[in-house]
Amino acid sequence: MMRQPIRQISHITGANTNQPKSRRKCTREPIRLFVGLSLIWIIVFVTKFYSDQPQQPLQSRKDVSPNHNNTESNRPQQQEQELSDNNLVPNLRLNALDINNVDIISGSNDTQLNNGNNDFPEHYMVFSTDCTAYQDWQALVFFYNAHKVQQPGHVIRIASACSEQQQEEIIKFHETTISKLSSKFSVHFTPDFSKVSGDNYKYYNKPFGIQHWLEHGMKYTENKDKLEDAIIMILDPDMILLRPLTYDFTDSNVLIHKSKKGAPKIRKVMHGQPWASLYAFGDGPFRSVDLKHVFANHTNSPALRATKEEQSNNYPGGPPYMATGRDMHAIVASWTELVTRVHDVYQHLLGEMFGWSLAAAHLGLPHTLAESFMISAVDIGSGEGWPLIDALKQDDICEYSTLKEKEDQLPYVIHYCQNYWLGKWFVGKYRLDSDFLSCEKPLLLEPPKDIGSQYDFYIKPGGKPYGTKERLSKTVVKREQFIICQMIARLNDAATWFKDQTCEKGTANYEKSFFFHHSLDPNNNEGGEKTAKW
């Protein structure tokens, strides 16, 4: 729904329609003409004066870190104030496109963060999911943290292979809940693409789902002139934004992977200059895949001429992927063409990522690879943003703040695809119940801020034999502490907000009490392994 133009109001003053015409009225015309011309010149002068004034710089964002209170009597007022402060009016609309089972849900409030720069391109951040409860909670956490860090632009969940009931539930979820976070948050539904090559490879839903969104949701071909300069970013659902992610890294602490090509002179996502996070598979797409088969229809592909150095330093990228609309549309088209041929000869987890790398190489689009877009594996030697965490003061490790000066010290996302543990403190997405957001379920017990000084080992919830202490280096201890503190705090924050919106008064459980062992005492191992059930 387009915003209605502001109606212009004309004021009529000094008119008396009952006054008879007279010579006195005629003699006032020159004076009125003079006054009218004077007013016109004043308006022109004032308009020119203000248009020549420089734009005001962006102000630092206020700290919107959580201040949840488990006393329900003051909770609704606090939440109402938070939404009011961000001008987020929960007023919904539904746009339905009857194209291959597509629906797009988005809010009607057109309010968006003002970046203070008319040249700032429109941003679209997408993540691909299925339609299970397991990825519903990840989607909520993704949307909530995008709101928390004030991510500019649109954030879109691409949901593939939904049943009719699942689609109805997700639509209702967006109408009643997600819309309150931002009118720019939406969902796009696609068919199930997992069997496009005859077998069942669920990761096809990412490239083909994104292509479906580009063509049927964005209508890229029809709107090419408007969208080719936009910035499109692809993330994973199990990512939590720690700070806003935009196309401009001019003043960022981003760590750029070294390559013969060198860091870009202009540190921005531009045409011909896509960015991605460095991943540890190196030249795997070129080494582990039968390239003759993949490029059987493109025997002169530039990908076949990529040097070893380029293969290792410009193409081993993964989410967050970032490109202009023009480049993203081209890469995704090539990605969907090549990924099935990659899967023919490489039927493993990383096949769809290898397909992206080869598609980019086929188009001659080497990436600027960032080593600090994300943190994920605490024991990785290099290639992730851990040096930024290693440099933090101990007091900042467990601090949950959205003050810009605090955020600017951090990587951009936590990619929580691993297990994280320290002592008996633990968090891992596979052990979280899919309904942990439910009204009756407790929140996670939050660790003390000094857990890094208490333990130099971990005990697995499912270790064999249970209670075995596995040692950690001092560096890894600090990294585990950061992830555990930040993940639990942000999961609790999102869950608290969700309960505020959806639970009837008096039914929400805000107690921070759940943990993944029977006891936090490392020397008390009674009860053995504990399941994830609350």
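1. Some ground rules. Residues are numbered from 1 along each chain as its sequence is written, and side-chain values use heavy atoms, with hydrogens and water left out. In this predicted model, local features need pLDDT of at least 70 and side-chain atom pairs count only at pLDDT 80 or more, while totals for chains, interfaces and linings use all residues.

2. How many aromatic pairs turn up in the whole structure? The search finds 31. Rings of Phe, Tyr and Trp (its six-membered ring) pair if their centres lie within 6.5 Å; planes under 30 degrees apart are stacked, over 60 edge-to-face, and the rest tilted.

3. Take Phe286 and Tyr315: a tilted pair, 6.1 Å centre to centre with 55° between the planes. Phe286 sits in helix α8 and Tyr315 in the loop between α10 and β9, 29 residues apart. Both Phe286 and Tyr315 are buried (under 20% relative accessible area, with a 1.4 Å probe and protein chains only).

4. Next come Phe373 and Tyr412, an edge-to-face pair at 5.8 Å centre to centre and 85° between the planes. This pair links distant parts of the chain, 39 residues apart. Phe373 counts as buried because its relative accessible area is 0%; Tyr412 does too, at 3%.

5. Finally, helix α16 covers residues 474–502, and 26 of its 29 residues are buried.

Methods. Helices (H or I, at least four residues) and strands (E, at least two) are DSSP runs, numbered from the N terminus. The expected span of a helix is 1.5 Å times one less than its number of residues. Buried means under 20% relative accessible area, exposed over 50%, partly exposed in between (1.4 Å probe, protein chains only).
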